[in-house]
Amino acid sequence: MSSSRASAAVKRQVVERARGCCEYCLTLRSFSASPFAVEHIIPEVKGGTTVVENLCLACAGCNGHKHAATTGWDLVTEKLQPLFHPRQDSWANHFAWNLGKSMIVGLSPKGRATVNRLRLNRQELSNLREVLARDGLHPPDYPYAGNP
């Protein structure tokens, strides 16, 4: 199957909609040393298409760990679960921040599977979140992030 690339206009729309945040771990692109990607939520190899509704902004870490996956292992239920879908799911329904705002806690089987599969609490992310939270720059002001 050949892959199709998103146009520059579509990529701009995805980036603007994401407000410069990875739509999985909510890392701000402005604090990342690695480039972000406009990625397919449902990969093309699994029937996903290159349309705005199937694209999201992802940091290099989340994009790399997700790759072509659409499911992940929930360590609580010990079952394979679908991954968080940024266009269909509310972040706040599946995730929350720990007390120190440095770790993402999965609230649902889908949330826990996504935390596990995408490694949303990678050490470098937790460190960055901790430093940014001290300066009031984290968590990002994002409509679905469950921020007070």
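**Surface and aromatics**

Author: Leucine 75 sits in the loop between strand E3 (71–74) and strand E4 (79–82); strands are DSSP runs of at least two residues and helices (H or I) of at least four, numbered from the N terminus. This is a predicted model, where local features need pLDDT of at least 70 and side-chain atom pairs 80 or more, while totals for chains, interfaces and linings use all residues. Residues are numbered from 1 along each chain as its sequence is written, and side-chain values use heavy atoms, with hydrogens and water left out.

Reader: Is leucine 75 buried or exposed?

Author: Exposed, with a relative accessible area of 58%. Exposed means over 50%, buried under 20%, and partly exposed in between (1.4 Å probe, protein chains only).

Reader: OK, switching to aromatics. How many pairs are there?

Author: Four aromatic pairs. In one, the ring centres of tyrosine 24 and phenylalanine 84 are 6.4 Å apart with planes at 80°, so it's edge-to-face. Rings of Phe, Tyr and Trp (its six-membered ring) pair if their centres lie within 6.5 Å; planes under 30 degrees apart are stacked, over 60 edge-to-face, the rest tilted.

Reader: And where do those two sit in the chain?

Author: Tyrosine 24 is in the loop between helix H1 (8–18) and strand E1 (37–40), phenylalanine 84 in the loop between E4 and helix H3 (91–94), 60 residues apart. Phenylalanine 84 is buried at 1% relative accessible area.

Reader: Which residues form the aromatic cluster?

Author: Tyr24, Phe84, Trp91, Phe95 and Trp97.
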